[in-house]
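Q: Hi! Could you walk me through this structure while I have it open?

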Amino acid sequence: MHGTLPTEIGNLKRLRQLEVRNVGSDMVGPIPSEIGHLQQLKSLELSGGELSGPIPSEIGHLQQLESLHLIRNKFSGPIPSEIGHLQQLKSLELHHNKFSGPIPSEIGHLQQLKYLYLHSNELSGPIPSEIGHLQELFHLGLLQNKLSGPIPSEIGHLQELTNLSLEQNKFSGPIPSEIGYLQQLTILHLFGIKFSGHIPSEIGHLQQL
C-alpha cells in the first residue's frame, strides 16, 4: 500500500481482519474516523509505517475487536477513553509511538485483556488504580515513558502476570509490598526509577523470577 488510509475503507463493513505491516514511509497520515464503521472487525494491526495523528474516538465502535496493534508509527495525542468500550480485547499494543497524557482509567474495563504493551511513548501521570481489574493479564509493559507517582497497590491483583516491565519512568515512593502477590512472575523490570524506602521482604515470594 502507498499513501494514506482511504476514508472508503469504512465501506468494508464485513471486514474481520485488517493488517498493514512494515510499509515504512509508504504509509502516512491519520487513521480515518470511518474506521469506526468496521464493526465486524476482530483484528486491527497498523505497524511499521509513518501513520500519525491521534487515535480517532470512533475506535470505540469496534466492539468485536480482540486484537488492536498500532505499533512503530508516529501516532500522538492521548489514548482515547473510548478504548474502554473494546471489552472483547485480548491484546492491546500501542508501543513505539508518541502517545502522551495519562493512561485512561477506562482501560480497567478491558477485563479479558492478556497483553498490554504501552511502552516507548510519552505517557505521563500515574498508573490508574483500575489496572487492578485486569485479572487475566499475562504481560504488562509500560517502560520508557514519563509515568509518575507511586505504583498502585492494586498491581497485586494481577495474579496471572508473568512479565511486569515498568523501567525507565518517573515513578516515586516505595515498591509496594503487594508485588509479592504476583507469584507467576518470571520477569520483573524496575530499573531506572527513583524509588524510596526499602525493598519489600515480600519480593521473596516471587520464586519463579
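**A chat about the model**

A: Happy to! The side chain of asparagine 97 reaches the backbone oxygen of leucine 94 at 3.2 Å. Keep in mind that this is a predicted model.

Q: OK, where is asparagine 97 found?
A: Asparagine 97 sits in the loop between β5 (91-93) and β6 (98-101).

Q: And is asparagine 97 buried or exposed?
A: Buried, because its relative accessibility is 7% and the cut-off for buried is under 20%.

Q: Which backbone nitrogen lies 3.0 Å from a polar atom of that asparagine 97 side chain?
A: That would be the backbone nitrogen of asparagine 73. Leaving out residues up to four places away in sequence, asparagine 97 also touches others, including Leu70, Phe75 and Ser120.

Q: Switching topic: which residues touch the most other members in the largest nonpolar core?
A: Leu44, Leu68, Leu92, Leu116, Leu140 and Leu164, out of 56 residues in that core. β1 (17-29), β2 (43-53) and β3 (67-71) each supply at least two of the core's residues, and β1 gives the most, with four.

Q: What is leucine 44 in contact with?
A: Setting aside neighbours within four places in sequence, the contacts of leucine 44 include Leu18, Ile35, Ile59 and Leu68. Ser67 and His69 are also among them.

Q: Last one, on the strands: how many bridges join β6 to β8?
A: Two, and these strands run parallel. Glycine 101 has leucine 123 in β8 as its bridge partner. β8 also pairs with β10 (residues 146-149) in the parallel sense, over two bridges; there, glycine 125 is partnered with leucine 147 in β10.

Technical notes. Residues numbered from 1 in each chain as written. Predicted model: local features only at pLDDT ≥ 70, side-chain atom pairs only at ≥ 80, totals over all residues. Heavy atoms only, no water. Buried < 20%, exposed > 50% of the residue type's maximum accessible area, 1.4 Å probe, protein only. Polar contact = N/O pair within 3.5 Å; in protein donor to acceptor, adjacent residues only side chain to side chain. Contact = heavy atoms within 4.5 Å. Core = buried A, V, L, I, M, F, W, Y, C linked by side-chain atoms within 4.5 Å. Pairing = 2+ DSSP bridges.
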